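Here's a quick briefing to read with the structure open. Have a look at the model first, then work through the points below.

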Amino acid sequence: MVRIDGTFKEMNVRSELAQTKPYEPLAKVLETDQTFFDYTDIKGTVVGLYCPVYMDRLNAVGWHFHFVSDDRKYGGHMLNLKFDSTEAKWDYTDGFSMVLPENEMFNDFDLTVDQSDDIKRVETGDGE
Ligand SMILES: [Zn+2]
């Protein structure tokens with residue numbers, strides 16, 4: 001994990017409109033409900049998670065960054081940023097616990113479907 005607090009000269013993020021049941025896969029949601037936000041000189045925090053290749057069925061492999069402004073009014077899935085200098089705090093995590101939902105929707109969800117192509121599209125912000 002990495003945390004970067006600072007003022008960012010440029011910050012480009014995306015987010016999706018709030019969804020209602022029945023929920024669609026994120027890749028499909030992004031086709032219609034994706035919104036991009038461009039911020040300049042914004043103060044906030046970037047949090048990044050690195051997911052190793054051997055966890056590719058659980059999450060997107062590689063780095064994944066989110067941003068939230070200090071006033072908590074702006075943020076999203078980070079696509080690009082620029083800054084002059086700042087400080088990064090690193091944490092190597094050697095374990096985690098995962099709590100699974102206990103509901104019908106999760107129980108009925110087909111986790112055997114390979115979503116790797118959708119995840120790649122989602123991670124790059126390309127909803128096409
Ligand atoms: Zn994200």
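Is Lys-9 buried, exposed or partly exposed? With a relative accessible area of 40%, Lys-9 comes out as partly exposed. Keep in mind that this is a predicted model. What follows covers the overall layout, the zinc site and the charged pairs.

**Overall layout**

- The chain is built from 3 helices and 5 strands, and reading from the N terminus the order is β-α-β-β-β-β-α-α.
- Of the 128 residues in the chain, 26% are buried.
- Take the contacts with a separation of 6 or more: 69% of them come from residues 24 or more positions apart.
- The chain exposes about 9,500 Å², and carbon and sulfur atoms supply 53% of that area.

**Zinc site**

- Three histidines hold the zinc ion: His-64 through NE2, His-66 through NE2 and His-77 through ND1, at 2.0 to 2.1 Å.
- Along the sequence, those donor residues follow the spacing H-x1-H-x10-H.
- His-64 sits in strand S3 (residues 62-69) and His-77 in strand S4 (residues 75-82), so this pair links distant parts of the chain, 13 residues apart.
- Both His-64 and His-77 are buried.

- Side chains of opposite charge can pair when their charged atoms come close.
- Searching the whole structure turns up 5 salt bridges.

**Lys-89 and Asp-5**

- Lys-89 makes a salt bridge with Asp-5, with the closest N and O atoms 3.9 Å apart.
- Because Lys-89 lies in strand S5 (residues 87-90) and Asp-5 in strand S1 (residues 2-16), the pair ties together parts that are 84 residues apart in sequence.
- Lys-89 has 47% relative accessibility and counts as partly exposed; Asp-5, at 27%, also counts as partly exposed.
- Arg-3 joins in too: Arg-3, Asp-5 and Lys-89 are linked in a network of salt bridges.

**Asp-84 and Lys-9**

- Back to the residue from the opening question: Lys-9 meets Asp-84 in a salt bridge, at 3.8 Å from N to O.
- The pair links distant parts of the chain, with Asp-84 in the loop between S4 and S5 and Lys-9 in strand S1, 75 residues apart.
- Asp-84 is exposed, its relative accessible area being 65%, whereas Lys-9 is partly exposed.

**Lys-82 and Glu-10**

- Lys-82 forms a salt bridge with Glu-10, and here the closest N and O atoms are 3.7 Å apart.
- Lys-82 belongs to strand S4 and Glu-10 to strand S1, so this pair ties together parts that are 72 residues apart in sequence.
- Lys-82 is partly exposed at 43% relative accessibility, and Glu-10 is partly exposed with a relative accessible area of 31%.

Definitions and conventions:
Residues numbered from 1 in each chain as written. Predicted model: local features only at pLDDT ≥ 70, side-chain atom pairs only at ≥ 80, totals over all residues. Heavy atoms only, no water. Donors = N, O, S within 2.8 Å, 3.2 Å for Na, K, Ca; no water. Helix = DSSP H or I, 4+ residues; strand = E, 2+ residues; numbered from the N terminus. Buried < 20%, exposed > 50% of the residue type's maximum accessible area, 1.4 Å probe, protein only. Contact = heavy atoms within 4.5 Å. Areas by Shrake-Rupley, 256 points an atom, 1.4 Å probe, with all protein chains shown as cover. Salt bridge = Lys/Arg side-chain N within 4 Å of Asp/Glu carboxyl O.
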